[in-house]
Amino acid sequence: MLFFSYFKELVGREVTVELKNDLAIRGTLHSVDQYLNIKLENTRVVDQEKYPHMLSVRNCFIRGSVVRYVQLPPEGVDVELLHDATRREARGG
Amino acid sequence: MASEEESAVKEPLDLIRLSLDERIYVKLRSDRELRGKLHAYDQHLNMILGDVEEVVTSIEIDDETYEEIVRTTKRNVPFLFVRGDGVILVSPPLRTA
Amino acid sequence: MSSGPGLESLVDQTISVITNDGRNIVGVLKGFDQATNIILDESHERVFSTKEGVQQLVLGLYIIRGDNISIVGELDADLDSTVDWSNMKAYPLKPVIH
């Protein structure tokens, strides 16, 4: 639940989602669910020259299972809050 | 105040809990390695790392000699969420004796 | 339960699906479920290659299993019509390696 809650707080921010097929998509986080499926708005593929496949896609749903990384905006990371939430979760909270 | 129960290491994830706010090494699938400060994790080993260095190792074949050339690509990312299913191992920071 | 990133808003719309083996299938979304299984009508595959422009392959009515789906994109029709796909050359997308 920790990361589901975290990503819900991040809605509206710009993120870059890197997939396990090496595609990187930048966009505004629109929503997330408990599987960490992600919906992005105003998307653009980071290397559009190499990957023109999604040129006419502006909004997309990314299946959580194919996500490798999400690059987070520094202003969207509260380190102390994350530590507390992690300790709470580790206790089985 | 850390109680005795909180500092005891009984299972692998306890060791990771002790690495919170410390720099750790993470080996991932697809020949990727990360070094960064651990800010959050869960039971799937999903993580948030800060001040991350990623090293990707790839092997290319030389066109003429057919020799294998090992190439490493490095990059730095301020904050990275890492999906746990790609994690092979996590190593806590080295403790100096 | 808060509203997650369901596909409700895309029903009856043209979508572009990227599958885990790197294919790109375009069609009209007719249905979906929790596991991201989807029903695609009037679907066709856009085949990318470096030798020639994008080829269209007619597929028809397809049900795609969620486990094999990477991305479901909302196809912007106006934007799509401005792209000269028949002259677009690119490597096919790489497969997802879990």
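## The largest pocket

What volume does the largest pocket have? In this predicted model, the volume of the largest pocket comes to about 520 Å³. Its lining is made up of 22 residues, and those that lie nearest the centre of the pocket are A:Asp22, A:Arg68, B:Arg32, B:Glu54 and B:Val56. Two or more residues of this lining are given by each of β1 (14-19) of chain A and, in chain B, β3 (47-61) and β4 (68-82).

Of these elements, β3(B) gives the most to the lining of the largest pocket, namely five residues. Sorted by class, the lining of the largest pocket holds eleven charged residues, together with seven nonpolar and four polar ones.

## The second largest pocket

The second largest pocket, with a volume of about 410 Å³, has 18 lining residues, and A:Tyr6, A:Glu9, A:Leu81, A:Leu82 and A:Ala85 are the ones that lie nearest its centre. Here the elements that give two or more residues to the lining are α1 (2-9) and α2 (79-90), both of chain A.

The largest share of this lining comes from α2(A), which gives six residues. The lining of the second largest pocket divides into eight nonpolar, seven charged and three polar residues.

## Enclosed cavities

How many cavities of 30 Å³ or more does the structure hold? There are two cavities of 30 Å³ or more, and the largest cavity contains about 100 Å³ of space. Fourteen residues line this largest cavity, with A:Lys20, A:Arg68, B:Arg29, B:Asp85 and B:Gly86 nearest its centre; A:Arg68 is also among the residues that lie nearest the centre of the largest pocket. Strand β5 (residues 67-71) of chain A supplies the largest share of the lining of the largest cavity, three residues, and the whole of that lining comprises six charged, five nonpolar and three polar residues.

The second largest cavity holds about 30 Å³ of space, and it is lined by A:Thr43, A:Arg44, A:Val45, A:Gln48, A:Met54, A:Val57 and A:Arg58. In chain A, β3 (38-45) and β4 (57-62) are the elements that give two or more residues to this lining, and β3(A) gives the most, with three. By class, the residues that line the second largest cavity are three nonpolar, two polar and two charged.

## The interface of chains C and A

Between chain C and chain A, about 2,900 Å² is buried, of which 60% lies on carbon and sulfur atoms. The contact draws 41 residues from chain C and 32 residues from chain A. On the chain C side, the residues that lose the most area to chain A are C:Pro5, C:Ile71 and C:Lys94, which together account for 22% of what that side buries.

Which side chain does A:Asp22 meet in a salt bridge? The partner of A:Asp22 is C:Lys94, with a distance of 3.0 Å from N to O, and across the interface of chain C and chain A the rule finds two salt bridges.

## The annotated span of chain A

For chain A, an unreviewed UniProt entry lists residues 2-76 as "domain: Sm". In the model, the end C-alpha atoms of residues 2-76 of chain A lie 15 Å apart, and this span is 45% strand and 11% helix.

Methods:
Residues are numbered from 1 along each chain as its sequence is written. Chains are lettered from A and ligands numbered from 1 in the order in which they are written. This is a predicted model: local features need pLDDT of at least 70, side-chain atom pairs count only at pLDDT 80 or more; totals for chains, interfaces and linings use all residues. Side-chain values use heavy atoms; hydrogens and water are left out. On a 1 Å grid over the protein atoms alone, a cavity is a set of points where a 1.4 Å probe fits but cannot get out, and a pocket is an open set with protein on both sides within 12 Å along at least five of seven lines; lining residues have an atom within 4 Å of a point. Grid points are joined across faces, edges and corners, and a volume is the space filled by probe spheres set on the points. Helices (H or I, at least four residues) and strands (E, at least two) are DSSP runs, numbered from the N terminus. Ala, Val, Leu, Ile, Met, Phe, Trp, Tyr, Cys and Pro count as nonpolar, Asp, Glu, Lys and Arg as charged, and the others, Gly among them, as polar. UniProt positions are given in the numbering used here, feature names are shortened, and annotations may be inferred rather than shown by experiment. Contact means heavy atoms within 4.5 Å. Buried area is the accessible area (1.4 Å probe) that two parts lose on being put together, summed over both. A salt bridge is a side-chain nitrogen of Lys or Arg within 4 Å of a carboxyl oxygen of Asp or Glu.
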